[in-house]
Amino acid sequence: VVINLGMLMKEVELRGSPSLAMILVNSFQLLYVADALWNEEAVLTTMDIVHDGFGFMLVFGDLAWVPFTYGLQAAFLVVHPQTLSSLGAAAIIALNGIGYYIFRKSNSQKNQFRRDPTHPNVARLETIATATGKRLLVSGWWGLVRHPNYLGDLLMALAWSLPC
């Protein structure tokens, strides 16, 4: 968010005001970060935290990979300004909204199941047993596609890149 905001300010310095493309990129990624902070308890049940633990990959990913790769769109827009039509912007906003909806709903369902499989929101969902004795969701969002949260992530990433 700080890197993106710095790029937005650089665009203002160069051109007098931020472009619609820059505003979209900043807004979409701010929503993603705010969502991670708001739903932090769900982040703490992910495979990265539970199984991989605190090591080089997590440190490198959080301190280098994520901030600088997520800032690439804003950096690109500073050097290569883009003009978006209202219709194009509306389509990109809709795509990000659909991606976010899929991402949030599927991750919330998975997190609720991990915390309390008897909760009324997830108790009716079908599961299969794994080799380790745990239960794997095979209905709801997880019955439609193997990783619906990744589908949402990919749709949002596409929406972040289309303004460029």
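Reader: In which helix does Lys110 lie, and is Lys110 buried or exposed?

Author: Lys110 lies in helix H7, where helices are DSSP runs of H or I with at least four residues, numbered from the N terminus. Because its relative accessibility is 17%, Lys110 counts as buried; buried means under 20% relative accessible area, exposed over 50%, and partly exposed in between, with a 1.4 Å probe and protein chains only. Not counting residues up to four places away in sequence, Lys110 touches Leu137, Trp142 and Asn149, contact meaning heavy atoms within 4.5 Å. This is a predicted model, in which local features need pLDDT of at least 70 and side-chain atom pairs count only at pLDDT 80 or more, while totals for chains, interfaces and linings use all residues. Residues are numbered from 1 along each chain as its sequence is written, and side-chain values use heavy atoms, with hydrogens and water left out.

Reader: How should I read the buried residues of a helix, and which are they in H9?

Author: An α-helix has 3.6 residues a turn, so residues three or four places apart point the same way. In H9, the buried residues are Pro148, Asn149, Gly152, Met156, Ala159 and Trp160. They cover an arc of only 125 degrees around the axis, which puts them on the same side of H9; the arc is that of the directions from the helix axis to the C-beta atoms. The buried residues of H9 pack against H2, H5, H6, H7 and H8.

Reader: How are two packed helices described, and at what angle do the axes of H2 and H6 cross?

Author: Two packed helices are described by the angle between their axes and the distance between the axes. The axes of H2 and H6 cross at roughly 170 degrees and come within 10 Å, the axes being lines fitted to C-alpha atoms over the stretch in contact, with angles from 0 to 180 degrees between N-to-C directions. H2 is therefore roughly antiparallel to H6, a term for angles over 145 degrees. On the H2 side the contact is made by Ala21, Met22, Val25 and Gln29, and on the H6 side by Gln73, Ala74, Leu77 and Val78.

Reader: Which residues form the largest nonpolar core?

Author: In soluble globular proteins, nonpolar side chains tend to be buried together. A nonpolar core is a set of buried Ala, Val, Leu, Ile, Met, Phe, Trp, Tyr and Cys residues joined through side-chain atoms within 4.5 Å. The largest here has 10 residues: Leu24, Phe28, Tyr32, Ala89, Ile92, Leu95, Phe103, Met156, Ala159 and Trp160. H2, H7 and H9 each supply at least two residues of this core, and H7 gives the most, with four.

Conventions:
Angles under 35 degrees count as roughly parallel, over 145 as roughly antiparallel, 65 to 115 as roughly perpendicular and the rest as oblique.
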